[in-house]
Amino acid sequence: MGRGRVQLKRIENKINRQVTFSKRRAGLLKKANEISVLCDAEVALIVFSCKGKLFQFSSDPCMEKILERYERYSYAERQLVANDQGPNENWTLEYARLKARVEVLERNQRNFMGQDLQCLSLKELQNLEQQLDSALKQVRSRRNQLIYEDISVLQKKEKTLQEQNTLLAKKIKEKEKAITQQAQLELQNNFMDLTPFVVAPQSSEMNIGGFQQGRSDGEHNEDMAANARANNTLLPPWMIRPINE
């Protein structure tokens, strides 16, 4: 005898209802996977249990792409139908669409923050991990780029400061050299100004008392006059007095 037809109605027994849900859910997910593989179809399956637990299947790694495609398609159909309806009904449909979209985004945000992960399957967790790894790589790449840019700017500033330091050191050396040359020139000018006033040295024949022993006053005067004539080029004329005075 064949199996009798099962009457479709709510199972009152809680345990039997849970067992039936688990079996039918597994079969439904299996069928969704088979049709996506055999027929190359995009399949998105969403199931909520009586306790509000989420079970889902997506042939695409990112279910949001299929949902966005569904929203665009259904929105286009609703737009065609809405042309014959009033503006209030259009706003009602738009509100429902945006509300569903916000719920999906909030759920994704909670998943990215590490929350509500108990409702995700192994495949969904792997997809979430891949998305986080990709985002982390982009963040690190951007951080390294900013660090390299800051280092480049600092190196340029360092090079500019070194050039300025070298230029200042060169100017200081030139200034010191100019000051040294100016001091030497002033010293030479002062020496040249004092040269006419240098008195010629006395004769070595004179003793400490000023007169040579054993010579007369007349001979001494004649020697002084001869020395004065010989050295008159070193003394100005007004400084030369008559020797015989």
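Predicted model: local features only at pLDDT ≥ 70, side-chain atom pairs only at ≥ 80, totals over all residues.
Q: Is Asp 40 buried or exposed?
A: A residue counts as exposed when its relative accessible area is over 50%. Asp 40 has a relative accessible area of 69%, so this residue is exposed.

Q: How many helices and how many strands does the chain have, and in what order do the elements run?
A: The secondary structure comes to five helices and two strands. From the N terminus on, the order is α-β-β-α-α-α-α.

Q: What is the distance between the end C-alpha atoms of helix α1, and what span should the helix have?
A: Helix α1 covers residues 14–38, which is 25 residues. At 1.5 Å a residue they should span 36 Å. The end C-alpha atoms agree with this, being 36 Å apart.

Q: Which residue has a side-chain oxygen that reaches the backbone nitrogen of Ile 15?
A: The contact is at the start of α1. There the side-chain oxygen comes to within 2.9 Å of the nitrogen, and it belongs to Asn 13.

Q: How far apart in space are Phe 21 and Cys 50?
A: Phe 21 is in helix α1 and counts as partly exposed, at 23% relative accessibility. In sequence, Phe 21 and Cys 50 are 29 residues apart. From C-alpha to C-alpha, the distance is 9.5 Å.

Q: Which residue in the hairpin of β1 and β2 takes a positive phi near 90°?
A: The hairpin has five residues between the strands. The residue with this positive phi is Gly 52.

Q: Why is strand β2 largely enclosed by the rest of the structure, and which residues are on each side?
A: Five of the five residues of β2 (residues 54–58) are buried, so the strand is largely enclosed. In a regular strand the side chains alternate between the two faces of the sheet. In β2 both faces are covered: one side has Leu 54, Gln 56 and Ser 58, and the other has Phe 55 and Phe 57.

Q: What percentage of the residues of the chain count as buried?
A: The cut-off for buried is under 20% relative accessible area. Of the 245 residues of the chain, the part that counts as buried is 13%.

Q: How many salt bridges does the structure hold, and which residue pairs with Arg 10?
A: Side chains of opposite charge can pair when their charged atoms come close. The structure holds two salt bridges. In one of them, both residues are exposed, and at 3.3 Å, N to O, the side chain of Arg 10 meets that of Glu 12.

Q: Which parts of the chain does the salt bridge of Arg 101 and Glu 68 link?
A: The two side chains meet at 2.8 Å, N to O. The pair is 33 residues apart and links distant parts of the chain: Glu 68 is in helix α2 (residues 63–82), and Arg 101 is in helix α3 (residues 87–112).

Q: Which residues make the nonpolar surface patch of about 310 Å²?
A: One member, Tyr 148, is in helix α4 (residues 122–194). Tyr 148 has a relative accessible area of 58%, so this residue is exposed. The patch is made by Ile 147, Tyr 148 and Ile 151.

Q: How far is the backbone oxygen of Lys 156 from a polar side-chain atom of Thr 160?
A: Thr 160 is found in helix α4 and is partly exposed, with a relative accessible area of 38%. The distance from the backbone oxygen of Lys 156 to the polar side-chain atom of Thr 160 is 2.9 Å.

Notes:
Residues numbered from 1 in each chain as written. Heavy atoms only, no water. Salt bridge = Lys/Arg side-chain N within 4 Å of Asp/Glu carboxyl O. Buried < 20%, exposed > 50% of the residue type's maximum accessible area, 1.4 Å probe, protein only. Helix = DSSP H or I, 4+ residues; strand = E, 2+ residues; numbered from the N terminus. Patch = residues over 30% accessible without salt bridge, like charges linked within 9 Å, V, L, I, M, F, W, Y side chains within 5 Å. Areas by Shrake-Rupley, 256 points an atom, 1.4 Å probe, with all protein chains shown as cover. Pairing = 2+ DSSP bridges. Expected span 1.5 Å × (residues − 1). Polar contact = N/O pair within 3.5 Å; in protein donor to acceptor, adjacent residues only side chain to side chain.
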